[in-house]
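Visitor: Could you walk me through this model and show me how to read it?
Guide: Gladly; let's look together.

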Amino acid sequence: MPASGCFAIEYQEALDLRRLGALVIKSVSPQSRAGNPTPRVAETHAGMLNSIGIPSQGLDHYRREILAAYTCFETPVVVSISAETTNEFAAACAEVSLPEVAVIEANISCPNLEADGMAFAMSPDTTFRAVSAIRAATRHPLWVKLTPNASNIAAVAQAAELAGADAIVMGNTVLGMAIDARTRKPKLGNVMGGLSGPAIKPIALRLVHQCFRAVRIPVIGCGGISSAEDAVEFMLAGATAVQVGTASFIDPGVMEKIIAGLDDYCRDMGLQSIAEVTGQVELDPYLSDRWLRFAQQSG
Ligand SMILES: Cc1cc2nc3c(=O)[nH]c(=O)nc-3n(C[C@H](O)[C@H](O)[C@H](O)COP(=O)(O)O)c2cc1C
């Protein structure tokens with residue numbers, strides 16, 4: 001499925017949208033706002049930085065003008081929500097819990113105004129509080145999107161699970177910065193932004209594996225995936241499904257190629273279904289025990 005913010009309905013010109021697992025829409029916030037100062041994107045080696053923010057014209061406009069364009073396909077629609085406070089998150093998720101919406105993805109990688117702007121998913125406590133409030137506000141399936149910038153990802157994922165998340169999406173962009181050596185100015189209007197694309201793949205893969213070991217709910221992998229082989233690696237690490245973001249900017253048809261590549265992989269490896277590979281990375285049992293002890297000590 002596409003990653004939030006890296007997909008728009010115009011992709012129907014490059015892809016058969018019915019082949020995707022879901023249509024994940026760009027995050028919306030309940031408050032109207034303009035988004036971040038420009039420039040909002042900068043290219044990097046093997047990736048890009050973005051500081052788009054979450055431009056929004058409010059939830060009424062979203063329901064009328066944006067959501068309606070996605071719900072006329074057979075493919076399930078995932079609405080991604082961002083908000084600035086726990087109560088705002090819960091109220092927004094309740095408001096978009098509509099029959100035509102299959103899943104709510106709570107993008108808790110966004111700044112929490114009640115914690116000095118630190119993202120909700122940076123700490124297990126703020127994660128637990130936000131996800132508990134959202135869980136109480138909606139009966140829709142709830143995916144919780146985490147940030148790779150958290151230091152103790154296992155504890156954050158466990159807090160989300162304990163608070164009632166149905167799946168973890170791991171994860172969002174890695175905080176980065178770029179400077180123009182000649183003008184001495186930051187390349188992004190917002191100074192810092194989120195790094196995405198192949199540059200972050202090893203980080204995201206590691207985080208998916210840590211989440212997989214920490215929780216029982218499904219983990220959806222995201223970060224730097226641009227081929228079927230990348231997708232298989234994420235599934236071996238523990239992902240049940242994957243999202244593709246930046247790669248679609250290079251090739252808008254890449255998701256269909258990845259799906260076809262997964263079929264080829266299943267045929268070559270004699271698998272009935274790609275689901276058979278989830279979590280099947282082969283670890284030496286001795287290393288695995290040592291790794292687990294180490295992981296428990298550090299989180
Ligand atoms: C231009 C751009 C806009 C994004 N907007 C959002 C967003 O609105 N909500 C969200 O949860 N993630 C957003 N993301 C993060 C992506 O969904 C994804 O988590 C991240 O880019 C890592 O995946 P990738 O390396 O495949 O791009 C955005 C990423 C980019 C590059």
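Visitor: Which pocket does the ligand take up?
Guide: A pocket is an open set of points on a 1 Å grid over the protein atoms alone, with protein on both sides within 12 Å along at least five of seven lines. In this predicted model, the space taken by the ligand is the largest pocket. Local features here need pLDDT of at least 70, side-chain atom pairs count only at pLDDT 80 or more, and totals for chains, interfaces and linings use all residues. Residues are numbered from 1 along each chain as its sequence is written, and side-chain values use heavy atoms, leaving out hydrogens and water.

Visitor: How many residues surround the ligand?
Guide: With a heavy atom within 4 Å as the criterion, 23 residues do, and Ser4, Ser27, Lys145, Gly224 and Thr246 are the closest. The shell has seven nonpolar, 14 polar (Gly counted here) and two charged residues.

Visitor: Which polar backbone atoms lie 2.7 Å from an oxygen atom of the ligand?
Guide: Polar contacts pair N or O atoms within 3.5 Å. One such backbone atom belongs to Ser4, and another to Gly224. The side chain of Ser27 places an N or O atom 2.6 Å from a ligand nitrogen. The protein buries 96% of the 610 Å² that the ligand exposes when taken alone (Shrake-Rupley method, 1.4 Å probe).

Visitor: What does the protein chain's fold contain?
Guide: Counting DSSP runs (helices H or I, at least four residues; strands E, at least two), the chain has nine helices and eleven strands.

Key. A polar contact is a pair of N or O atoms within 3.5 Å; within protein, one must be able to donate a hydrogen and the other to accept it, and residues adjacent in sequence count only if both atoms are side-chain atoms. On a 1 Å grid over the protein atoms alone, a cavity is a set of points where a 1.4 Å probe fits but cannot get out, and a pocket is an open set with protein on both sides within 12 Å along at least five of seven lines; lining residues have an atom within 4 Å of a point. A molecule sits in a cavity or pocket if more than half of its atoms lie within 2 Å of its grid points.
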